[in-house]
Amino acid sequence: MRTIARKYAKIAIGLIALQAALLFGGAAAHAEPIVGITLGDGQEPVGASALSLLLIITVLSLAPAILVLMTSFTRIVIVLGFVRTSLGTQQMPPNQVLIGLALFMTLFIMAPTLQQVNDQALQPYLQHKLTQTEALEKAAVPMKEFMYKHTREKDLLLFLKYAKAERPNTYQDIPITVLVPAYALSELKTAFQMGFMIFIPFLVIDMVVASTLMAMGMMMLPPVMISLPFKILLFVLVDGWYLVVKSLLTSFQS
């Protein structure tokens, strides 16, 4: 398992620059090298080269955010956050644990898609079998396929209508600048739906404890102090983390 994790981690790191160019490389897709910087060679003003360097650094700094919005990370991290909030355990588990778990689950879920991008676009490009334009086009296909499967038609039509674009025949014809926000909007809705379902049993416990305390005349005692152990006990007895992770994995199989 460690070998597989390391393999896909290397693939994911190598795809950061490619995916960044996939979203922002519309104007720069005609240049063969991904990064080409020359300062003060007499052919290009130093100011223009410095501006190009600034733009490249900006794109690379946004690459992690781009990958977050184009993968399953958004849904996973929101659902895990809802679990902690519904339990009322404040900072337990810590943010580092939730983010780390979300990242590895994202890597696990996205492994087939990343493998396709690596085989069809990244490796041929590194071997000089494809130009940058061809690599971007091939890399877009698996990513678009994954996002399209989990994007609601209503959300997609919203951005298509706003962009005044024609209705595409296939997912391959959808512009990446339209598909990414539509996918992110769908992920937010799905994550909040799952979070609501997680809240219900813990809300029932809070209401029962609060009603019991009021009936006993103990209105000065915070209900959270009494309900927290019961919520943790219920979550442990039903193997809550297993159920949450299983639900997340199953939601990406449809």
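Reader: Which residues touch the most other members in the largest nonpolar core?
Author: Ile 76 and Met 147 do, in a core of 40 residues. A nonpolar core here is a set of buried Ala, Val, Leu, Ile, Met, Phe, Trp, Tyr and Cys residues joined through side-chain atoms within 4.5 Å. Keep in mind that this is a predicted model, where local features need pLDDT of at least 70, side-chain atom pairs count only at pLDDT 80 or more, and totals for chains, interfaces and linings use all residues. Residues are numbered from 1 along each chain as its sequence is written, and side-chain values use heavy atoms, with hydrogens and water left out.

Reader: Switching to helix pairs, how do α4 and α9 cross?
Author: The axes of α4 (residues 95-126) and α9 (residues 240-251) cross at roughly 40° and come within 11 Å. That makes the pair oblique; angles under 35 degrees count as roughly parallel, over 145 as roughly antiparallel, 65 to 115 as roughly perpendicular and the rest as oblique. Axes are lines fitted to C-alpha atoms, for helices over the stretch in contact, with angles from 0 to 180 degrees between N-to-C directions.

Reader: Which residues meet there?
Author: From α4 you have Leu 98, Met 105, Phe 108 and Ile 109, and they meet Trp 241, Val 245, Leu 248 and Leu 249 in α9.

Reader: And what about α3 and α7, at what angle do they cross?
Author: Roughly 20°, with the axes coming within 9 Å. α3 and α7 are therefore roughly parallel to each other.

Reader: New topic: where is Thr 71, and is it buried or exposed?
Author: Thr 71 is in the loop between α2 (46-69) and α3. At 9% relative accessibility, Thr 71 counts as buried (buried is under 20% relative accessible area, exposed over 50%, partly exposed in between, with a 1.4 Å probe and protein chains only). Leaving aside neighbours within four places in sequence, Thr 71 contacts Thr 106, Met 110, Phe 146 and Tyr 183.

Reader: What's the phi of Asp 239?
Author: Asp 239 has a positive phi of about 55°, although it is not a glycine. Asp 239 sits in the loop between α8 (223-237) and α9, and at 42% relative accessibility Asp 239 counts as partly exposed.

Key: Helix = DSSP H or I, 4+ residues; strand = E, 2+ residues; numbered from the N terminus. Contact = heavy atoms within 4.5 Å.
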